[in-house]
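Thanks for coming. I have one stretch of one chain to go through today, so please have the structure on your screens.

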Amino acid sequence: MKVARHLCMIDVVYGDFYTLSYAKGTGTKIFFSLLLSFVLVLSLIVPTASAKIKETKDASKAKRLHVQIVLFDGFDLLDVTAPYEVFAAAGMYSGEKVTVELVSAEGKRSVPSGLNGPSLEAQTALDPNRSGIILVPGAAGKPTGNTEDTIPNILRQPNETDLPDLMKQAFDNKEVTVATVCGGSLLLAMQGLLKDRHAVTHHIGMDALEAAGAIPVQARVVEDGPRLVSGGGVTSGLDVALYLVERELGPQIANAVETLFEYERRGTVWKAKGIAPIDFTTSQ
């Protein structure tokens, strides 16, 4: 509509100049009136065309995001599959600007999940030098006890692999965001990697998280950094992944995934920003 109005104005200006030129019999003025009309038309067309070209270039340069989800013996299936599906769907909606793969410290292998669950295939070795997101899940097992199939003991087993060294390299890489789901943050804390960092885990592991040197925060999703994002209970893997999709690719892709899954992200992401709330349990 704006273009149409401007073109009408051009017609009026051109008509006035032409009438005046014809009345005085001056060919020069006719030439200048045509030139003025041409310049005005260009002033309308060129910015629009330039904007479209810039938009196309910006879209082609949109960042690509690669996600590595770590597997270890006894991992929790939902901790892995929920974020995997979110990132895979985000890749589908963004024209493959998100890629996701399953990895392990040992490389390509079949990795058994906890509670005698099915195994998943790690496609390759964890690469801490590759930019993107590295997501560490928790374990599936008995909540307490001294047997090998308890969650604390399952989480200790990766310490005997190369995983601690690989994750330390990941934390040192400024191009990597480390994310955890449920007991994943406890696994990293047990390796000494979350000392004095804000994090959350499953509610039954919050005391252990603090004992391992982290700063526990009661929230669904906690962001410390922005290079450390942790989620609480098992289903928080959906929320962690959706938050990261929104943060990295924008709300439209995240909303499309939510609509597909018929799920809305839960809770406010806690960050060490803004005004801290009064702690009425300790204040006088």
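Helix H8 covers residues 236–249, which is 14 residues. Keep in mind that this is a predicted model. From its first C-alpha to its last, H8 reaches 20 Å, close to the 20 Å expected at 1.5 Å a residue.

Is H8 mostly covered or mostly open? Mostly covered: eleven of its 14 residues are buried. The buried ones include the run from Ser236 through Gly237, Leu238, Asp239 and Val240. Glu248, towards the other end, is also among the buried residues of H8.

Let me stay with Glu248 for a moment. Its relative accessible area is 17%, and buried means under 20%, so Glu248 counts as buried. What does Glu248 touch, leaving aside its neighbours within four places in sequence? The answer is Lys63 and Leu65.

Now to the end of the helix. Just after H8 comes Gly250, with a positive phi of about 105°. Helix H9 then takes up residues 251–261.

How do H8 and H9 pack? Their axes are 7 Å apart, at an angle of about 150°. An angle over 145 degrees counts as roughly antiparallel, so that is the term for H8 and H9. On the H8 side, the contact is made by Leu238, Leu242, Val245, Glu246 and Leu249. H9 contributes Pro251, Ile253, Ala254, Val257, Glu258 and Phe261. Sorted by type, the residues of this contact are nine nonpolar, two charged and no polar.

That is the end of my part.

Terms used. Residues numbered from 1 in each chain as written. Predicted model: local features only at pLDDT ≥ 70, side-chain atom pairs only at ≥ 80, totals over all residues. Heavy atoms only, no water. Helix = DSSP H or I, 4+ residues; strand = E, 2+ residues; numbered from the N terminus. Expected span 1.5 Å × (residues − 1). Buried < 20%, exposed > 50% of the residue type's maximum accessible area, 1.4 Å probe, protein only. Axes fitted to C-alpha atoms, helices over the stretch in contact; angles between N-to-C directions. Parallel < 35°, antiparallel > 145°, perpendicular 65-115°, else oblique. Contact = heavy atoms within 4.5 Å. Nonpolar A, V, L, I, M, F, W, Y, C, P; charged D, E, K, R; others polar.
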